[in-house]
Amino acid sequence: MKSLERRTALVTGASRGLGAAIALELGSQGARVAVNYWANPSGAERVCAQIRKSGGEAHAFRADVREEEEVRRMVQEVRDVFGEIDIAVLNATGPQPFLSIEEQTWRSYLDQLEFFVKSPLLILQQIVAGMTSRGFGRVIQIGSEVVEIGNPKFANYVAAKAAQLGQTRSWARELAPTGITVNLVAPGWIPTERHADVSQEEMQAYANLVPMRRMGIPEDVAKAVAFLAGDAAKFITGQKISVNGGNTLE
């Protein structure tokens, strides 16, 4: 029996990048995977097709996870197809502009907070009652090492990711008695499609600073998520797991 067999997993922002790798890994572990997307239906369908080709179950669900009504509709659609959601991987993100202090606006902060704080809240509110009633739930946020590094000209993003970590810890404490775990996986810079225009020199400069002297791959993050989603992690909650080759130490 596969480790996540008979579990239903929702992965937001799963049509490409880290979300796609996470969806594929959960599918390979036997989970029924709800692949959320907003603007990339072909990518979402490719991910679903890969999971099905490997013998798994997957279905694509379109929703802007920053909007309450869309989240409510999506969660009901997932229930109609797969049943109750057991695992929620909160990965969706948008543009991540670098902005100097002079260029930043409150809207630039809200843009990030809506993905990393508002969206997770909206989703958890829709699924927490079912998880509580079953005495089982896995909520996994996708954070970032930037909270520790404090990247310059990136305060809008760094602040939102820090808020997401605080949210994770508070939820973990609140939900611990119910059998629901809440954790956060914090990747380093993992090259994905969104980094297509970044030079090899820039990537190498980052890799040179990583103790392992290389950059990670999406599958590294996906395997950490799959571990937290399974029974082996049932006594782990409120934790941040850094997947960055030792680039940050706490």
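Visitor: Where is Arg 213 found?
Guide: Please keep in mind that this is a predicted model. Arg 213 is found in the loop between helix H7 (200-209) and H8.

Visitor: Why is Arg 213 called exposed?
Guide: Its relative accessible area is 55%, and exposed means over 50%, so Arg 213 is counted as exposed. Arg 213 also has a positive phi of about 60 degrees although it is not a glycine. That deserves a remark, because most residues other than glycine have a negative phi.

Visitor: What is the phi of Arg 6, and how do you know whether Arg 6 is buried or exposed?
Guide: Arg 6, in the segment before E1, has a positive phi of about 75 degrees without being a glycine. Its relative accessible area is 58%, and since the cut-off for exposed is over 50%, Arg 6 is exposed.

Visitor: What makes Ser 119 buried?
Guide: Ser 119 has its place in helix H4 (residues 106-134), and its relative accessible area is 2%. Buried means under 20%, so Ser 119 is buried. Leaving aside neighbours within four places in sequence, Ser 119 is in contact with Val 65, Arg 66 and Glu 114.

Visitor: And why does Arg 173 count as exposed?
Guide: Arg 173, which is found in helix H6 (residues 155-175), has 72% relative accessibility; exposed begins over 50%, and therefore Arg 173 counts as exposed. In space, Arg 173 and Gly 238 are 7.0 Å apart, C-alpha to C-alpha, although 65 residues apart in sequence.

Visitor: How do you know whether H1 and H2 are roughly parallel or roughly antiparallel?
Guide: The axes of H1 and H2 come within 9 Å and cross at roughly 20 degrees; as angles under 35 degrees count as roughly parallel, H1 and H2 are roughly parallel to each other. Their crossing is right-handed. On the side of H1 the contact is made by Ala 20, Ala 23, Leu 24 and Gly 27, and on the side of H2 by Val 47, Gln 50 and Ile 51. These residues divide into 5 nonpolar, 2 polar and no charged.

Visitor: What makes a group of residues here a nonpolar core, and which residues have the most contacts inside the largest one?
Guide: Such a core is a set of buried residues, Ala, Val, Leu and Ile among them, joined through side-chain atoms within 4.5 Å. The largest has 35 residues, and those with the most contacts inside it are Ile 22, Leu 26, Val 33 and Val 185. Its largest share, 7 residues, comes from H8. Leaving aside neighbours within four places in sequence, Leu 26 is in contact with residues including Val 11, Val 33, Val 89 and Ala 226. Apart from this core lies another, of 32 residues, among them Val 65, Ala 92, Ala 160 and Val 182.

Definitions and conventions: Residues numbered from 1 in each chain as written. Predicted model: local features only at pLDDT ≥ 70, side-chain atom pairs only at ≥ 80, totals over all residues. Heavy atoms only, no water. Buried < 20%, exposed > 50% of the residue type's maximum accessible area, 1.4 Å probe, protein only. Helix = DSSP H or I, 4+ residues; strand = E, 2+ residues; numbered from the N terminus. Contact = heavy atoms within 4.5 Å. Axes fitted to C-alpha atoms, helices over the stretch in contact; angles between N-to-C directions. Parallel < 35°, antiparallel > 145°, perpendicular 65-115°, else oblique. Left-handed = near helix turned anticlockwise from the far one by under 90°. Nonpolar A, V, L, I, M, F, W, Y, C, P; charged D, E, K, R; others polar.
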